Amino acid sequence: MTFVKIDKKQWAQGLATLQKSYRLFGPSKEKDYYNYKALDVGEQPDFGFSNTRLSPKAILFPQSETIIEFSLDENAADHHIMKSIETDSSPRAILGIRPCDAKAVRLVNLNFDTPEYQDPYWVKALDATTFVGLACDDPKSTCFCTSTGCGPYNEEGLDLLLIEEDAQYLAKVLTDKGRAFAEAAGWNTATDGEADIDARKATAEAKITASVSMENLKNQDLMDLHGASFWEDIAFACINCGTCTFTCPTCWCFDLQDEVHGKTGKRMKNWDSCMFPLFTLHTTGHNPRGTKTQRLRQRFMHKLKYFVDKYDTGIMCVGCGRCVSQCPVNIDIRRVCDLMNNYKTDEAACTVQD
Amino acid sequence: MSEYNDKIREISQRLLKECQVDMVIGFRKGSMPMMNEPCFIKNAKDAAQLVWDSNCGINLANYLTNRTEKIGIIAKGCDSRNIVTHIIENKISREQLVIIGVPCQGMIDKHKTTSMFAGDIQDVTEDGGKIKITVNGQVNELDKADVLQKNCAVCTHRNPVIYDEMVADPVEEQNVDRYEDVRQIEAMNPEEKWNYFEELLSPCIRCYACKNACPLCYCPTCFVDESKPQWVGKGQDPTDVRTFHFLRAFHCGGRCTDCGACERACPVGINMRVFTKKLEKDSFEQFGWEAGLTLDERPPLDTYRPDDPDEFIK
Amino acid sequence: MLNPYLPYPVRIDDIEIATEDKSLKTFKFVFLNPGDEEKFAYNAGQFAELSVPGVGEIPIGIASSPVEKGFVKFTVFRAGVVTSHLHNMKVGDIMGLRGPLGNWYPWDLLEGKNILIVGGGFAFTTLRSSIIYMLDPENRSRFGNIDVVYGARTPGMLLYKDELVAWEKRDDINMHLTIDAPADGWEYNVGFTPPVTEQKAPQGDDATYAIVCGPPIMIKFTLPVLEKLGYAHDHIIMSLENRMKCGFGMCGRCGIGKELVCKDGPVFTLDQINKTPKEY
């Protein structure tokens, strides 16, 4: 059973059944854009979206997540002893995650699940999640996933891939998790869909006209790129907000913060951004990335060079286009990636080297 | 708009060639519809990159803070008022600037326009009062008035208030009621207000695009970044999110020109202008003050006068 | 699955004022739970996050030595929010300790080699850990000559003075203590660390490594001295500092190029550092 046919008439019933054993997340229209949200009982995901304004990363990596709690009450036996919070690891599924966002989860996983250390909150959330992808037949002009090693029908990171047809969804079962999910929903009408999917995939891929070039990035000298002359020009418009990093499905940087209410306290993981000066500020007042040019350079160098060198799995970008369309001042990663890829070292050195 | 472009390029080229300025700050064509990118031009030959249309909503005064060069700057009405504020607040000196004034007829609301169409917008062009929007190969024609940024629709200072060169003849100023939206909120009871603001700020992701797009927000260390001690919680607690927005707004009281850069920059469509507009309305009603109109007077909230009619200050 | 965010609970067993201006204190911690000390097994050169519930965490080099059992020690400069709070804590207070974190001085590589240690001011903590480690009877024969240049503004600003005096008297370690200006009763060198290094340190060669820790200004003037003495860049070992939060390579802020100071460092050779952006 590689392909399952889901009659749209059975869709709502299947989801209702699933909600007995899964927490379901799906796209939903908020005001004038879409975002992922936890679906209420009986609530349907709204698949009338191209992509969501924010990525679904918050489902696995919340913007603010309490991880540790403690009591400061000296009368309590365990005062000042920090205890891990048991985060909810019950099964959950993200319905209608786009292939680009699913691949992004695999990239973020490289950071949170390493041979030496594992972030238990991320790992538990990831284990608990079934990724039900929705193939992307109407990509946007800002999409460039086909040139980042992804694509509108890319299966990496997905447990199921849904392809929407007129009266039904065709579901490609990709993992045991996906199989269990389909079975739990009662979706068991096997069908043959390979030929169909190939044609649709080719059509969708052909619609993506934007691209980045990355073939030289690996061989570019790190220090040469770091000292390249174009950073000042790119950074001029940058206002150093966190829009690009917070909307990005692959940005994983975070802060740890303690908060105390009365005698109880908690430690949280909060999203952080390399765009913010406080991210790197030393206690002495020294800031190794004290200018906006240095911070902007860090973002692009991390995504398009350091990550490439470190993991050898391509760039830390899936081509979802969110930063391209959301940047208030139109700093376009596609342009920056091409500049970095095509950089020749004989150009003048950057004046912001230090 | 092409005559604007020609004139902007001609002036910029001349200023650079004659070494009257070290750089011209303006816009270059963006990589996607309804977006132009702020840029600086240092060589006369590059002046041809400069563009002007209804997608220049970023407030360029934001790029003047603490600069030391001699600068030519393209300024629409609101930009010019923020340049005035920058000069008053010693963020740049008048002598450093050659202000290239652009009479403005309003900017296109990118968020609103995007949300008007289900498909992907491929191209947006304009011709006088008409905007042509291409979606999935289909051209839709709209009146510009229907897609104007909200702040532009109620703008009463479309012409630069300070300039050295003008790109075109002044446009007619609008005679509009600026504060209808504020009065609607003022009329709410406390519970309605609470709910309104709660919902207004609920999508906030604290990316700080609003404050960073704002030319008034130039503090070397913003209060949200104060860490010794820390002033505001860093998480998504609604109290911290509100604290950020309220403090930011109050810091702009009597200084805000309602340029709309904050709302335009917000990735999640929050109209935080309702806060700054309320303060703007209060400044106007209580002090007869509109920010950035004159170099000769400081904003009311950083001024002290011995003859202040209020008792509390004495 | 181990939770790298979760500190071991520790009790402050002793607090000692470490310098005459009281800006540094040495905290001695004991683990509350049996078995945690073994889990905290560390090498000289590593650091840990001192974790004060409700206040935050601060990465500090471990000043005690792997050969010292039953406690861990940290000498902390009062500078920011967490360290200021720590300075006001009392013996008996409970807090957390997270680690050990980062890499360490390359002890395997250093075996059989002569070691030059150059330290300045309060950056002597992991150097103390290293010296105690090397001088341990079990270990001393594994290393060649040991030279230590350590400078501070005044005699009262030198850390671990009792130990420094004791080491001065030994013949299996060459101490070169120095202070910035002459002081009553001071019988050692006078002058800044770099020139004293130039006068006293052994020549660099294949079999000699330098470990350098100190304030940026000292590093800046010491590196040319070491180069002059013949130390190759891959024989000069340094420990970097950056703002850190997680300490195990995930939160992203301490990166210098593709290296993370917390996980891939803090110990790097000058050769490695020269190949990374100067973002520390």
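Analyst: Happy to! The model is a predicted one. Let's start with contact: two residues are in contact if their C-beta atoms, placed from the backbone, lie within 7 Å. By that test, 36 residues of chain A are in contact with 33 residues of chain B.

User: Which elements of chain A give two or more residues to the side that touches chain B?

Analyst: They are α9 (243-247), β11 (254-261), β12 (264-271) and α11 (322-326) of chain A. By residue class, the side of chain A that touches chain B divides into 13 nonpolar, 14 polar and 9 charged residues.

User: Why is G61(C) called buried?

Analyst: A residue is buried if 20 or more other C-beta atoms lie within 10 Å of its own. G61(C) has 24 within 10 Å, so the label buried applies. Its place is in strand β4 (residues 56-61) of chain C.

User: What does G61(C) touch, not counting residues up to four places away in sequence?

Analyst: G61(C) touches F47(C), T125(C) and T126(C) on that count.

User: Now chain B: what is it divided into?

Analyst: Chain B has domain 1 (1-106 + 155-176) and domain 2 (177-300). Their centres, taken over C-alpha atoms, are separated by 25 Å.

User: How many residues does each domain of chain B give to the contact?

Analyst: Domain 1 of chain B gives 18 residues, and domain 2 of chain B gives 18 residues. On the side of domain 1 of chain B that touches domain 2 of chain B, the residues divide into 8 nonpolar, 8 polar and 2 charged.

Definitions and conventions: Residues are numbered from 1 along each chain as its sequence is written. Chains are lettered from A and ligands numbered from 1 in the order in which they are written. This is a predicted model: local features need pLDDT of at least 70, side-chain atom pairs count only at pLDDT 80 or more; totals for chains, interfaces and linings use all residues. Helices (H or I, at least four residues) and strands (E, at least two) are DSSP runs, numbered from the N terminus. A residue is buried if 20 or more other C-beta atoms lie within 10 Å of its own, exposed if 12 or fewer, and partly exposed in between; C-beta atoms are placed from the backbone. Ala, Val, Leu, Ile, Met, Phe, Trp, Tyr, Cys and Pro count as nonpolar, Asp, Glu, Lys and Arg as charged, and the others, Gly among them, as polar. Domain bounds come from an automatic or database domain assignment.
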